[in-house]
Amino acid sequence: MKYDVVIIGGGASGLMLAANLDMSGRRGLILEKTGSPGTKLLMSGGGRCNITRGGSIKSFIKAYGESGPALRKCFYRHNNIELVKWLADNGIALADEKGNAVSPEDMGEAGRLFPSSMKASDILNLLLDKSKENGWEIQTDSDVYALTAPADDADSWTVEAAGKTISSSYVVVASGGITFPETGSDGSVLELLKDIGVEVTDVRSALAPVYVKDYPYEELSGISLSDVTVTAYSSDAANTCKGKAARMTGDLLFTHRGFSGPVILNISKYAEKGELLRIQYNRDFSDLPKRLQRAIERRAAGPSGDIKTKTLALLVDHDDFTVSSIDENGMVTSGGIALEEIDMSTMQLRRFPGLYAVGEAIDADGITGGYNLQMCWSTACTAADAIRS
Ligand SMILES: Cc1cc2nc3c(=O)[nH]c(=O)nc-3n(C[C@H](O)[C@H](O)[C@H](O)COP(=O)(O)OP(=O)(O)OC[C@H]3O[C@@H](n4cnc5c(N)ncnc54)[C@H](O)[C@@H]3O)c2cc1C
């Protein structure tokens with residue numbers, strides 16, 4: 001079977017590309033491993049889909065840390081205003097967290113944005129409709145298990161899936177990361193890429209709850225606290241509390257198993273098993289929630305049960321834990337196709353003409369708040385421009 005463009009993965013980024021690339025006169029195929037496309041997109045934002053957010057392009061670049069500068073061009077070319085406008089033009093109005101309508105003209109510094117129906121399925125249905133309107137075929141239950149680069153005298157890639165051999169001038173990797181493997185994104189395509197010599201950086205779960213040894217706050221499950229500073233130390237820094245450490249401030253959530261909430265999710269990719277996680281509550285003991293006060297008092301009590309005032313003050317300022325694990329099912333994957341491999345003005349792999357990569361499969365992950373789906377849009381539209389021309 002011969003196609004012009006094959007997209008591996010029918011998730012957010014693959015469908016965003018297909019929804020923006022008219023295949024008139026050309027054949028396009030989306031190969032999706034699972035029985036239905038867009039499963040992770042449906043889970044996003046707790047089923048409400050925080051599709052993007054207000055804010056400057058600079059804030060998006062910053063949200064991507066070290067990989068931000070590489071994404072700069074994509075974010076400028078296909079930004080949050082464009083995405084909100086495209087959705088509005090296609091019948092999906094957006095709203096902020098409180099349900100207030102937000103339009104492309106007045107989104108300014110609006111925070112997280114959702115479809116006003118608060119249904120991720122509206123976004124998925126639109127992407128599927130537009131992809132079909134653009135002439136794309138979607139084959140589900142089609143696990144891509146082999147990928148072969150063109151032979152010297154040929155210009156077609158070979159993709160094998162569901163017992164079929166498909167050749168295509170362009171192949172786009174939109175296969176996501178490794179978390180929530182039941183959604184289909186299990187890292188299998190990253191392994192195929194390694195086999196053909198593509199550099200793939202180590203992958204790990206990110207935007208994930210962090211678990212610590214002897215977690216003492218089980219009974220505080222559900223309590224959240226704003227403006228908490230969390231520091232994740234690397235092995236070099238743990239003993240001295242100097243050297244390489246990541247530090248962030250934001251909302252902390254106590255769960256029955258460990259720490260979560262935006263500040264923990266955002267710092268999770270820097271937390272290492274066996275290393276120090278330091279929590280600073282940034283307020284006086286008397287300003288902490290009563291249940292947390294009681295739990296900290298218990299920790300500050302010596303064997304005799306006497307509360308040591310010094311220890312109490314120290315715990316409020318430095319509540320230290322040893323990381324035992326990071327939840328494997330983070331909202332995103334850190335690591336993936338090395339950005340040095342990719343020409344970020346086209347999303348084509350520099351050493352592999354005809355091979356493109358978009359979305360979470362690349363080595364870029366943002367903080368929580370709509371940044372990650374915006375990155376899917378920005379990279380997918382950048383690739384669509386390049387393949388179209
Ligand atoms: C619980 C949860 C909540 C989230 N909420 C938000 C949010 O509100 N806002 C936000 O910005 N981000 C959110 N994210 C992150 C966001 O959903 C992802 O970054 C985004 O879906 C990634 O899109 P993708 O297309 O790159 O990958 P995916 O959505 O993972 O899609 C990849 C697709 O490729 C397919 N595939 C994989 N391997 C193969 C193969 N070998 N052959 C064929 N197909 C294959 C998979 O089946 C899958 O359908 C959330 C993530 C989770 C898990």
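**Domains and ligand shell: a quick chat**

Me: Hi! How many Å separate the centres of domain 1 and domain 2?
Reply: Hi! The centres of domain 1 and domain 2 are 36 Å apart, taken over C-alpha atoms. Keep in mind that this is a predicted model.

Me: Thanks. Which residues make up each domain?
Reply: Domain 1 comes in two pieces, 2-203 and 332-388, while domain 2 runs over 209-326.

Me: And how many residues are in contact across the two domains?
Reply: On the domain 1 side there are 4 residues in contact with 4 residues of domain 2. The two domains bury about 350 Å² between them, and 51% of that lies on carbon and sulfur atoms.

Me: Which residues in domain 1 lose the most area to domain 2?
Reply: Those are Asp365, Ile367 and Thr368. Together they account for 78% of what the domain 1 side buries.

Me: Good, switching to the ligand. Which residues come nearest to it?
Reply: The ligand has 36 residues around it, and Ser13, Glu32, Asn50, Glu360 and Leu373 come nearest.

Me: What polar atoms of Leu373 and Thr183 does the ligand sit by?
Reply: Backbone ones in both cases. An oxygen atom of the ligand is 2.7 Å from a polar backbone atom of Leu373, and an oxygen atom of the ligand is 3.4 Å from a polar backbone atom of Thr183.

Me: What about Asp143, side chain or backbone?
Reply: Side chain for Asp143: an N or O atom there is 3.1 Å from a nitrogen atom of the ligand.

Me: How much of the ligand's accessible area does the protein cover?
Reply: On its own the ligand has 1000 Å² of accessible area, and the protein covers 96% of that.

Me: Nice. Which elements give two or more residues to the shell?
Reply: Four helices do: H1 (12-19), H2 (39-43), H7 (188-195) and H12 (371-388). H12 gives the most, with 4 residues.

Key: Residues are numbered from 1 along each chain as its sequence is written. This is a predicted model: local features need pLDDT of at least 70, side-chain atom pairs count only at pLDDT 80 or more; totals for chains, interfaces and linings use all residues. Side-chain values use heavy atoms; hydrogens and water are left out. A residue is near a molecule or strand if one of its heavy atoms lies within 4 Å of it. A polar contact is a pair of N or O atoms within 3.5 Å; within protein, one must be able to donate a hydrogen and the other to accept it, and residues adjacent in sequence count only if both atoms are side-chain atoms. Accessible areas come from the Shrake-Rupley method with a 1.4 Å probe; for residues, only the protein chains shown count as cover. Domain bounds come from an automatic or database domain assignment. Contact means heavy atoms within 4.5 Å. Buried area is the accessible area (1.4 Å probe) that two parts lose on being put together, summed over both.
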